[in-house]
Amino acid sequence: MIQLKDVSYVRLGSPDLESAENFAIACLGLQIAERGKKELYLRSDDRAHTLCYSEGDARSQAVGFEVEDEASLQEAASTLESLGHAVHAGTAQEAEQRKVRTFIGFRDPTGNHIELVVRPERSGRRYFASRDAGITGFSHIGLNSTDPARDERFWTQVCNARVSDRIGDIPLMRVNAIHHTIALVRAPSAGIQHINHQVESSDDVLRSYYFLNEKRVPIVFGPGRHPTSGARFLYFRGPDGMIFEYSVGVVEIADEATHRPRQFGFEPTSFCMWGAKPAGMTLPNN
């Protein structure tokens with residue numbers, strides 16, 4: 001079984017790096033770690049980067065997950081190949097671009113581009129936000145899935161993900177104690193459904209609600225509170241249509257042995273216990 005330790009980074013293509021940079025620093029609140037001619041590296045915590053924009057097609061997206069060491073990576077490659085997944089062994093130059101020791105890439109059953117990495121770089125410099133959004137770190141991603149039940153089996157039987165809760169057929173899965181690191185959302189094609197950053201307090205969520213409204217950033221859901229993870233949240237739309245989320249108060253699963261996933265109905269109150277309705281995110285019965 002492939003042992004994922006944590007989500008490490010997201011790579012997004014963008015045809016307009018300048019607009020992506022303006023949004024990332026003026027609205028989202030990330031710190032520029034490095035700016036190249038065709039790539040922009042951004043930090044949200046003590047890691048060297050957690051988001052990289054590359055000049056190109058916005059449909060070019062990848063998510064990196066950290067594994068323990070190179071032996072674990074080779075074992076993962078063998079497992080994936082035995083199951084029929086084409087595995088790309090990253091070159092030294094590609095690893096340098098990702099600021100990792102080494103990596104492999106493959107596609108999950110839906111076709112999402114997934115990378116497994118060893119020794120992602122940390123930074124000795126303290127993360128210093130470009131605006132006071134209260135970000136404490138990159139935390140989780142939502143992935144599109146053309147068949148959530150099939151993809152849940154991949155992430156839980158081939159990898160070490162465990163289901164914390166389900167909303168309809170959406171599994172919220174953890175790879176460590178945090179309630180979820182991966183959410184699989186039914187969609188017609190592959191892609192990253194949303195990118196989450198944790199913030200320090202509920203005040204930060206509400207401050208950003210008013211701040212982003214003033215900046216005319218489309219708010220697509222919230223402020224609200226998830227009944228599953230307990231998180232207070234705010235979703236908003238960034239460049240190239242990508243949805244970003246701030247949240248705080250995500251519970252941790254304290255006892256792996258006794259935890260049982262709860263089943264929530266596929267209805268709006270399962271996404272927000274305060275009654276927030278999405279605007280621009282597709283949920284049922286709105």
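Two strands are taken to pair if DSSP finds at least two bridges between them. In the predicted model described here, β14 and strand β15 (residues 232-237) meet this condition, being joined by four bridges and running antiparallel, and within this pair I219 stands opposite F236 in β15. Helix α1 (residues 17-28) packs on the sheet, where it touches β9 (135-145), β13 (192-199), β15 and β16 (243-248), and its direction makes about 25° with that of β16. Helix α5 (residues 202-214) likewise packs on the sheet, with contacts to β13, β14, β15 and β16, its direction making about 25° with that of β15.

The sheet itself is open and is formed by nine strands in the order β14-β15-β16-β13-β9-β12-β11-β10-β17, with mixed pairing. Because β14 (219-225) and β17 (262-264) stand at the edges and have a single partner strand each, one side of each is left without a neighbour in the sheet. From one strand to the next, the twist averages 20°.

Helix α5 has 13 residues and extends 19 Å from its first C-alpha to its last, a span close to the 18 Å expected at 1.5 Å a residue. Its buried residues are D204, V205, S208 and L212; they cover an arc of only 100° around the axis, and therefore lie on the same side of α5. These buried residues of α5 pack against α1, β13, β14, β15 and β16, whereas Y210 and E214, on the other side of α5, are exposed. Just after α5, a positive phi of about 60° is found at R216.

The largest nonpolar core contains 57 residues, of which F65, L116, W155 and F236 touch the most other members. The largest share of this core comes from α1, which supplies six residues. When residues up to four places away in sequence are not counted, L116 touches I2, L4, F65, V67, L73, A76, L80, T102, F103, I104 and F106.

Strand β1 (residues 6-14) is largely enclosed by the rest of the structure, because eight of its nine residues are buried. With strand β5 (residues 61-66), β1 pairs in the antiparallel sense over six bridges, and the bridge partner of Y9 in β5 is G64. With β4, by contrast, β1 pairs in the parallel sense over five bridges, and here the bridge partner of S14 is E55.

Between E55 and E21 the separation is 34 residues in sequence and 11 Å in space, C-alpha to C-alpha.

Key. Residues are numbered from 1 along each chain as its sequence is written. This is a predicted model: local features need pLDDT of at least 70, side-chain atom pairs count only at pLDDT 80 or more; totals for chains, interfaces and linings use all residues. Side-chain values use heavy atoms; hydrogens and water are left out. Helices (H or I, at least four residues) and strands (E, at least two) are DSSP runs, numbered from the N terminus. Axes are lines fitted to C-alpha atoms, for helices over the stretch in contact, and angles run from 0 to 180 degrees between N-to-C directions. Contact means heavy atoms within 4.5 Å. A nonpolar core is a set of buried Ala, Val, Leu, Ile, Met, Phe, Trp, Tyr and Cys residues joined through side-chain atoms within 4.5 Å. Buried means under 20% relative accessible area, exposed over 50%, partly exposed in between (1.4 Å probe, protein chains only). The expected span of a helix is 1.5 Å times one less than its number of residues. The arc is that of the directions from the helix axis to the C-beta atoms.
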